[in-house]
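Open the model in your viewer and keep the selection panel at hand. The tour below goes from one selection to the next and says what is there.

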Amino acid sequence: MHDIRAIREAPEAFDAALARRGDAPLSSEILALDQARREKISAAEKAQADQNKASKLVGAAKASGDEAEFERLRALVGEKKAEVSAMQAEAADLDTELTEKLSWIANIPADDVPEGADENYNVEVRRWGDQPSFGFTPKEHFEIAGVAPSMDFETAARTSGARFVMLTGAVARIHRALAQFMIDTHVDENGLTEVNSPVLVRDEAMYGTDKLPKFAEDSYQTTNGWWLVSTSEIPLTYTVAGQILDESDLPRRLTAHTLCFRSEAGSAGRDTAGMLRQHQFEKVEMVSVTHPDASDDEQQRMLRCAEDILERLGIAYRTVLLCTGDMGFGARRTYDIEAWLPGQNAYREISSVSTTGDFQARRMNARFRPAGGKPQFVHTLNGSGLAVGRCLIAVLENGQREDGSVALPEVLSGYLGGKTTLSAAGELI
């Protein structure tokens, strides 16, 4: 949500920021609504003052025995009361219209975000690790001999439809080990608080974290009105909705491992092979709630937390700063981490780490009180730490051997009973 006062003070700057995202100017339309709303509020206040003044004179007229003046003033009070009610209703309607208009407008990009229309304008920040070399043509994850029997797309399709998978046996255990390794690292070493959060949320939580109204089609809604979360960013961030935190409570750092659900609207035909793009998947999410002065540094800290997971797993990656045209609706700045997938001979996104500034905080009225000062909006940040299924793909493809077995990262052995290899027969050894 945008600060209407900031738009009033600098409409040209607001339109220029929208233009960087490729959006049309909107300040004149917004300010016209805002002006009409303010005029109705002012008129209602004047009518209320007239009503109050007339109300005081009614008693005096009655006491003086001036019946004509008494009746005139009583009628005037009734007229003003009706005027106040009508104008307050009109002001409320205009306020709703203004709020609705603002809720569809994307966040303002940070000044250092590169301008561009699509992913071709993203800027690579760094690379880590060497792409593994193979004496054979590397396969995609679902083609590896030791993996294929435990990655069942046909049964999942009969059960649920396209873009679902059933993991069994050793592959299911590796997937679980990855999630536990991520959570343990974030809690034990990165100082995040683990949360076991709901995956069903109300409209207010979706709206407060900028998923509604614009992206309703991207999520699943139950028949009784709950939404299945597309990311645990939603319940984690919404924990501070409507609150005024003490400054000493910041930063608040949370993490959760949850199921996530996305309709993948608009992605028909993309990444249909394997489990890269699924309707149901698991993710370890990181959320931070910070003081505004600390949010940029916090984003870099979160980025390093996510990168470190890949480094411990020995997966080569690159980190890119997204351009204005590729950045998400609620983001002020986003870094994507892309893991190397030998089977695709490409880097593919495995984490996004974003700062929203006070964009989400305004929508859900989340504030903090500085020592001796007035409440201010907090800043919120979110990032994948990491997407578990995509991390599984990276581990399997980077560790594959010509005989169909897979060498697994050493850091997972403690979660796999000391086993370090997925055999060509699909067993942990």
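Helices (H or I, at least four residues) and strands (E, at least two) are DSSP runs, numbered from the N terminus. The expected span of a helix is 1.5 Å times one less than its number of residues. This is a predicted model, in which local features need pLDDT of at least 70 and side-chain atom pairs count only at pLDDT 80 or more, while totals for chains, interfaces and linings use all residues. Residues are numbered from 1 along each chain as its sequence is written, and side-chain values use heavy atoms, with hydrogens and water left out.

**Stop 1: helix 6**

Select residues 169–188, which form helix 6. From first C-alpha to last, these 20 residues reach 28 Å, close to the 28 Å expected at 1.5 Å a residue.

Now colour the buried residues of helix 6, among them Ala170, Val171, Ile174, His175, Phe181, Met182 and His186. Buried means under 20% relative accessible area, exposed over 50%, and partly exposed in between (1.4 Å probe, protein chains only).

**Stop 2**

The next selections are salt bridges: a side-chain nitrogen of Lys or Arg within 4 Å of a carboxyl oxygen of Asp or Glu. By this rule the model has 31 salt bridges.

Select Arg312 and Glu189, whose closest N and O atoms are 2.5 Å apart in a salt bridge. This pair links distant parts of the chain, 123 residues apart: Arg312 lies in helix 9 (residues 295–313), and Glu189 in the loop between helix 6 and strand 4 (193–194). Glu189 is exposed, at 51% relative accessible area, and Arg312 is partly exposed, at 31%.

**Stop 2: within helix 9**

Stay in helix 9 and select Glu298 and Arg301, which are 3 residues apart and so separated by about one helical turn. Their side chains meet in a salt bridge, 2.9 Å from N to O. Which of the two is buried, and which is partly exposed? Glu298 is buried, with 4% relative accessibility, whereas Arg301 is partly exposed, with a relative accessible area of 21%.
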